[in-house]
Every structure is written in C-alpha cells, then in structure tokens.
Amino acid sequence: KLQKIGIESLKQVTKRYARKQNRWVKNRFLNRPGPSVPPVYGLEVSDVSKWEESVLEPALEIVQSFIQGHKPVAAPVKMPCNEMENKRSYHMCDLCDRIIIGDREWAAHIKSKSHLHQLKKRRRLDSDAATAIENQSISPDCDKELKEKGSPEQNEKELKPSV
Ligand SMILES: [Zn+2]
C-alpha cells in the first residue's frame, strides 16, 4: 500500500514539475524572442507508444543538425501573438538615451532595472530643479532689499576711500 501511495505522489510531483518547466520555457523563450533566445522546437509527445519515432528521432535530428551547424528541417515553435506586434517598431528612450527596436523589447526596457534607475535619477534632478526655481523666485526680492539698504560690501567700498 505504501508503495502505491509513493508511486502516485511521484506521478503527481512529476506532472507538477513538467507543467512548471513548460511554463518557464514559454515565458523565457517564447514570450520574449530576441537574438539571445535560442529557437524552441515542439515535438508530438501525446502518444507514448510512438515515443521513438515521434519524439526521440526528431529530437536527435535537431540536435545533430545543430552540432553540424546547419538549420534543422523542423521549424521552431513561434508564439502566435508575435506576428501581431510590431517587431521593428522604433522607440527612443530619452531617459537612457537609447533606441529600442520592437514593442516587446520596449515593454521589457521600461520595466528594466537600468531604466528604473534612470527614472529615479531624473526624478531627483527634477525635484532639485524645482527647489532651485523656488529659490530664484525669492532672490529678486532679496536683491531689492539689499539695494535699498545697501549691502555691507558696498558700504565698505564706499567708506574705504574716505578713510
Ligand atoms: Zn530607458
């Protein structure tokens, strides 16, 4: 009985792990295509009795042609939504002073650490500029007061010749 329970739970965690792996591959490779992402190949795995001809052999073929340096006969898997978005769209990031090609790359860029860092930096500069402007708007009044009263430096200069 214990063995049966063990087998069942092993099946369960294996299924869970496979789902997790599938999700990871989808997110990492298929949802974020780019030059650093390798092509992903799909294999028909639903029939276990045809494992050798429908999974093992095509997989070996793909690996073989990869090793030999030419493109496999099988076509890599593509996410269907990829064709909907504009891969060649042009985005200019003023903050980072960078040009980003592709909608997905752009979406990734504005969430990226380096961009957020630039954003933070810019916000700090903006608040500094705001306080600088505030100071400027106060300073003309100060100048007026100083002129009316005469600044201590001016008084000294005026006094010196007479001494
Ligand atoms: Zn940016």
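**Stop one: the strands**

Select strand β1 (residues 90–93) and strand β2 (residues 98–101): the two run antiparallel and are joined by four bridges. Strands here are DSSP runs of E with at least two residues, while helices are runs of H or I with at least four, numbered from the N terminus. Two strands pair if DSSP finds at least two bridges between them. This is a predicted model, where local features need pLDDT of at least 70, side-chain atom pairs count only at pLDDT 80 or more, and totals for chains, interfaces and linings use all residues. Residues are numbered from 1 along each chain as its sequence is written.

Now click on M92, whose bridge partner in β2 is I99. Then move to the turn: β1 and β2 form a hairpin with four residues between them, and D97 in that turn has a positive phi of about 60°.

**Stop two: helix α2**

Next, select residues 51–68, which are helix α2.

Is α2 buried or in the open? The number of buried residues in α2 is zero, so the helix lies largely in the open. A residue is buried if 20 or more other C-beta atoms, placed from the backbone, lie within 10 Å of its own.

**Last stop: the whole chain**

Zoom out to find five helices and two strands in the protein chain. Along the sequence, their pattern is α-α-β-β-α-α-α. Of the 163 residues in the chain, 1% are buried.

Key. Expected span 1.5 Å × (residues − 1). Buried ≥ 20, exposed ≤ 12 C-beta atoms within 10 Å, placed from the backbone.
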